[in-house]
Amino acid sequence: MNLATDLDVASEYRITHVVTLGSPIDNKRPADHTTRVVSLVNKHDVIPTLDGRGPASPHDVPDSWVELSWLDESYDYPLSHAPQAYSDSLRGELAHHRDRVNALIGSYDGEIIGNQPYMLRDR
């Protein structure tokens with residue numbers, strides 16, 4: 001999401017989708033209003049709430065965003081934030097969420113022609 005909000009990056013690259021797992025992104029908006037945002041959140045994971053998300057949140061999730069959340073009874077924080085916990089959930093009973101995300105980004109599948117690491121920090 002940090003890359004998508006960066007005007008320099010967005011002016012050089014077309015960012016079509018942002019998919020986050022357990023990330024506090026609700027007060028951020030992509031520089032390009034056509035960028036689709038998909039947020040996957042385990043409700044036991046406290047990290048996505050660090051930006052004030054919750055019943056009294058001042059940040060509304062835009063209508064164009066897709067937020068998929070669940071309450072995984074088998075995990076407590078900090079395990080609920082572990083990548084393996086998200087992976088296990090999305091490979092198991094929540095595979096329908098994974099399938100929905102794959103349907104959204106499937107038309108962009110293709111050969112990877114390069115990788116570029118970035119170091120970003122919240123401003």
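In what order do the 3 strands of the open sheet lie, and is the pairing parallel or antiparallel? The order is β1-β2-β3, and the pairing is parallel. The model described here is predicted.

## Sheet

The edge strands are β1, residues 17-21, and β3, residues 66-70; each of them pairs on one side only. On average, neighbouring strands of this sheet are turned by 10° against each other, with direction ignored.

Strand β2 covers residues 36-42 and pairs with β3 in the parallel sense over 5 bridges. The pairing of β1 with β2 is also made of 5 bridges, and these two strands run parallel. Individual bridge partners can be followed across the sheet. V19 has V38 of β2 as its bridge partner, and V38 in turn stands opposite V66 in β3. Further along, the bridge partner of V41 is S69 in β3.

## Helices on the sheet

Helix α3, residues 83-91, packs on the sheet and touches β1, β2 and β3. The direction of α3 makes about 100° with that of β2. Helix α4, residues 95-105, also packs on the sheet, with contacts to β1, β2 and β3. For α4 the reference strand is β3, and the angle between their directions is about 165°.

## Nonpolar cores

Which residues form the largest nonpolar core? This core has 9 residues: V38, L40, V66, L68, W70, Y86, L90, L94 and V101. The elements that give two or more residues to this core are β2, β3 and α3. The most comes from β3, with 3 residues.

The core residues V66, L68 and W70 lie in the strand that spans 66-70. In a regular strand the side chains alternate between the two faces of the sheet. Strand β2 is mostly covered, with 6 of its 7 residues buried.

V66 links several parts of this picture. Apart from neighbours within four places in sequence, V66 is in contact with R36, V37, V38, S39, R100 and L104. Among these, V38 is the residue that stands opposite V66, and V38 and V66 both belong to the largest core. A second, separate core has 8 residues, including A4, V9, I25 and W65.

Is D6 buried or exposed? D6 counts as buried because its relative accessibility is 15%, and the cut-off for buried is under 20%. The residue is found in the loop between α1 (2-5) and α2 (7-12). The side chain of D6 reaches the backbone nitrogen of D8 at 2.9 Å.

L120 is found in the segment after α4. At 36% relative accessibility, L120 counts as partly exposed. Not counting residues up to four places away in sequence, L120 touches N2 and L3. How far apart are L120 and D6 in sequence and in space? They are 114 residues apart in sequence, while their C-alpha atoms are 9.8 Å apart in space.

How values were computed:
Residues are numbered from 1 along each chain as its sequence is written. This is a predicted model: local features need pLDDT of at least 70, side-chain atom pairs count only at pLDDT 80 or more; totals for chains, interfaces and linings use all residues. Side-chain values use heavy atoms; hydrogens and water are left out. Two strands pair if DSSP finds at least two bridges between them. Helices (H or I, at least four residues) and strands (E, at least two) are DSSP runs, numbered from the N terminus. Axes are lines fitted to C-alpha atoms, for helices over the stretch in contact, and angles run from 0 to 180 degrees between N-to-C directions. Contact means heavy atoms within 4.5 Å. Buried means under 20% relative accessible area, exposed over 50%, partly exposed in between (1.4 Å probe, protein chains only). A polar contact is a pair of N or O atoms within 3.5 Å; within protein, one must be able to donate a hydrogen and the other to accept it, and residues adjacent in sequence count only if both atoms are side-chain atoms. A nonpolar core is a set of buried Ala, Val, Leu, Ile, Met, Phe, Trp, Tyr and Cys residues joined through side-chain atoms within 4.5 Å.
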